[in-house]
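Dear colleague,

Please find below the structure that I am passing on to you. I would ask you to look through it before reading the notes that come after it.

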Amino acid sequence: MKELEKMSETKIQQIRLGFENYLSIEKVEIYTNSKFKLNQMITIRKALENMLPEQNLEQIKLIANPKYNCEQMTVILEGFRRGLSIEQVKIYAVDKFSKGKMEYIKKALLLGWDKDKIDLLADSRFNEDQVYEIKTGFEGGLSIELVKIYANPDFDYKQMQVIKDGIYN
């Protein structure tokens, strides 16, 4: 009860909405953590209300992490809705990854890219712009060996782009 005393009226309204929309106590408890911002609570509540039959609470609990912003939560949830397993989603469900980097990895998983390519995209040493250069190299038909020539965390994305363009020419 002390948790509720610390919550704003708008957060309490989200809890009320969950019950009004027939969510169980177990489901509502997932988003009642006082560390959640209002928009995170809304995202989780809506995910719970719109769960597909093949989804389970373990998937929703994965997104219910105060370290994720709403955009990250949405990318994680979208992976589940598109049929990715928990193991696959965990590859990109990293709070340090930007929404864009998560999207690139999610799309590669959905396209069935092999593990070595996915691992390179998910390398925490690369930022979103660098991952974009790696991704476009693979999309352009470069082998992993050729991509690794420029996929160096010491190179910024512009340097990577120049090297990649040199490989194509």
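The notes below concern the salt bridges.

This is a predicted model, in which local features need pLDDT of at least 70 and side-chain atom pairs count only at pLDDT 80 or more, while totals for chains, interfaces and linings use all residues. Residues are numbered from 1 along each chain as its sequence is written, and side-chain values use heavy atoms, with hydrogens and water left out.

Side chains of opposite charge can pair when their charged atoms come close. A salt bridge is counted here when a side-chain nitrogen of Lys or Arg lies within 4 Å of a carboxyl oxygen of Asp or Glu. That rule gives nine salt bridges.

One of them joins Glu-49 to Arg-45, with the closest N and O atoms 2.8 Å apart. Both residues belong to helix α4 (residues 38-49) and stand four residues apart, about one turn of the helix. Helices (H or I, at least four residues) are DSSP runs, numbered from the N terminus. Arg-45 is buried, at 7% relative accessible area, whereas Glu-49 is partly exposed, at 28%. Here, buried means under 20% relative accessible area, exposed over 50%, and partly exposed in between (1.4 Å probe, protein chains only).

Another salt bridge links Lys-106 with Glu-103, at 2.9 Å between the closest N and O atoms. Lys-106 and Glu-103 are both buried.

Finally, Asp-123 and Arg-125 meet in a salt bridge of 2.8 Å, N to O. Asp-123 is buried at 16% relative accessibility, but Arg-125 is exposed at 54%.

Yours sincerely

Note on methods
Helices (H or I, at least four residues) and strands (E, at least two) are DSSP runs, numbered from the N terminus.
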